[in-house]
Amino acid sequence: FARAFNTTASAEGELEIQPGVYSIVSITQTNLAAGAKASTVERCIQQNDIGTDTVMPDPETCQARNIEKTGNTVKFEMTCIQPDGNSLLNGSGEYTTSGNSFTFKHNIEGDYNGTYIAIKSEGNAKRVGDCQPIAPKK
């Protein structure tokens with residue numbers, strides 16, 4: 001659950017955003033570690049919208065529900081179940097867009113491989129340029 005940002009859009013709860021390279025700053029706290037962990041990454045967002053899959057910790061194992069869109073903000077609840085069935089986490093998320101930037105946050109907690117875990121993550125992203133085409137492999 002270390003992933004705080006994914007670039008796959010979801011059909012439900014989408015918000016518009018200008019495609020391009022985004023500098024994404026996130027801060028994550030957990031009850032299993034002292035202090036918060038900050039990270040900065042750059043990602044190319046090629047679609048002109050972001051959805052719940054964009055801000056969920058792991059869109060392959062998490063499902064959004066009760067999605068509410070108001071203006072340029074989307075709030076949702078989520079459940080994350082690991083493929084081995086040994087972990088069940090529940091939480092909530094929110095994101096807000098503003099053309100060429102967005103903010104996000106999520107809180108999840110539950111059983112992770114037999115250990116109680118609580119994770120709080122929030123961050124912001126700003127467009128810093130255009131996506132560069134991928135050169136063909138030779």
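**Notebook: salt bridges and core**

I looked up R65 and E77 and found that their side chains meet in a salt bridge, 3.6 Å from N to O. I count a salt bridge when a side-chain nitrogen of Lys or Arg is within 4 Å of a carboxyl oxygen of Asp or Glu. R65 lies in strand 5 (residues 62–70) and E77 in strand 6, so the pair ties together parts that are 12 residues apart in sequence. Strands here are DSSP runs of E, at least two residues long, numbered from the N terminus.

I note that this is a predicted model, where local features need pLDDT of at least 70 and side-chain atom pairs count only at pLDDT 80 or more, while totals for chains, interfaces and linings use all residues. Residues are numbered from 1 along each chain as its sequence is written, and side-chain values use heavy atoms, with hydrogens and water left out.

Next I checked accessibility (buried is under 20% relative accessible area, exposed over 50%, partly exposed in between; 1.4 Å probe, protein chains only). R65 is partly exposed at 34%, and E77 is partly exposed at 33%.

By the salt-bridge rule I get a count of 2. D130 and R127 also meet through their side chains, at 2.4 Å from N to O. D130 is exposed at 51%, whereas R127 is partly exposed at 23%.

Last, I looked up the largest nonpolar core, which has 20 residues. Such a core is a set of buried Ala, Val, Leu, Ile, Met, Phe, Trp, Tyr and Cys residues joined through side-chain atoms within 4.5 Å. Y22, Y95 and F102 have the most contacts inside this core. The largest share, 4 residues, comes from strand 6.
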